[in-house]
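The exercises below concern helix packing and nonpolar cores. Work through each task before reading its solution.

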Amino acid sequence: MYETILVPTDGSETIQRTLPHALKMAADNDATVRALSVVDIRSVQAAGDDDREGVDAELTADAEAAVEEVADAAAEEGLAVETTVRRGTPDKEIVKESTEENIDVIVIGTDGKTPREKLRSLGSVSERVVDKAEVPVFVIKQAAEEPPE
């Protein structure tokens, strides 16, 4: 059913909840895992002129490390894997990747932001991907916090 599964990652701990689902889906379908990380150009542009190059280099290195983490996990499971780092606005680049690379399904995590946090960070990437993607999107929600004892 699925030949190529897109796994967007920003390197945060969200990928730790998302990746097991993506890898299981890939194994069950003998599919290729395509790890994608996006260097958010808005963060680069927001940096001061003196810092812009350093911010860009740091974000690029972080994105490369993020896709390698996914690639390593997929390889450990014996799965075919490809990695891509794009530059742009994360939700737009995820959707563009899904279209340009004939992706069958996107497996993406959500970090459980509050409405205030979403406003501060310009919204939820996963919500915008769900709204804009032309392929199925499998969303892994953040687990509820353990109740205090």
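**Exercise 1.** At what angle do helix α1 and helix α3 pack, and how far apart are their axes?

*Solution.* The model is predicted, with local features needing pLDDT of at least 70 and side-chain atom pairs pLDDT 80 or more, while totals for chains, interfaces and linings use all residues. Residues are numbered from 1 along each chain as its sequence is written, and side-chain values use heavy atoms, without hydrogens and water.

Step 1. Take α1 as residues 14-29 and α3 as residues 52-76; helices are DSSP runs of H or I with at least four residues, and strands are runs of E with at least two.

Step 2. The angle is about 40°, and the axes lie 11 Å apart. Axes are fitted to C-alpha atoms over the stretch in contact, and angles run from 0 to 180 degrees between N-to-C directions.

Step 3. The pair is therefore oblique, a class left after under 35 degrees (roughly parallel), over 145 (roughly antiparallel) and 65 to 115 (roughly perpendicular).

**Exercise 2.** Which residues make the contact between α1 and α3?

*Solution.* With contact meaning heavy atoms within 4.5 Å, α1 supplies Ile15, Gln16, Leu19 and Leu23, and α3 supplies Glu69, Val70, Ala73 and Ala74.

**Exercise 3.** Which residues touch the most other members of the largest nonpolar core?

*Solution.* Step 1. A nonpolar core joins buried Ala, Val, Leu, Ile, Met, Phe, Trp, Tyr and Cys residues through side-chain atoms within 4.5 Å; buried means under 20% relative accessible area with a 1.4 Å probe, protein chains only.

Step 2. Among the 18 residues of this core, they are Ile5, Val7, Val33 and Val70.

Step 3. By element, α1 gives the most, six residues.

Note on methods. Buried < 20%, exposed > 50% of the residue type's maximum accessible area, 1.4 Å probe, protein only.
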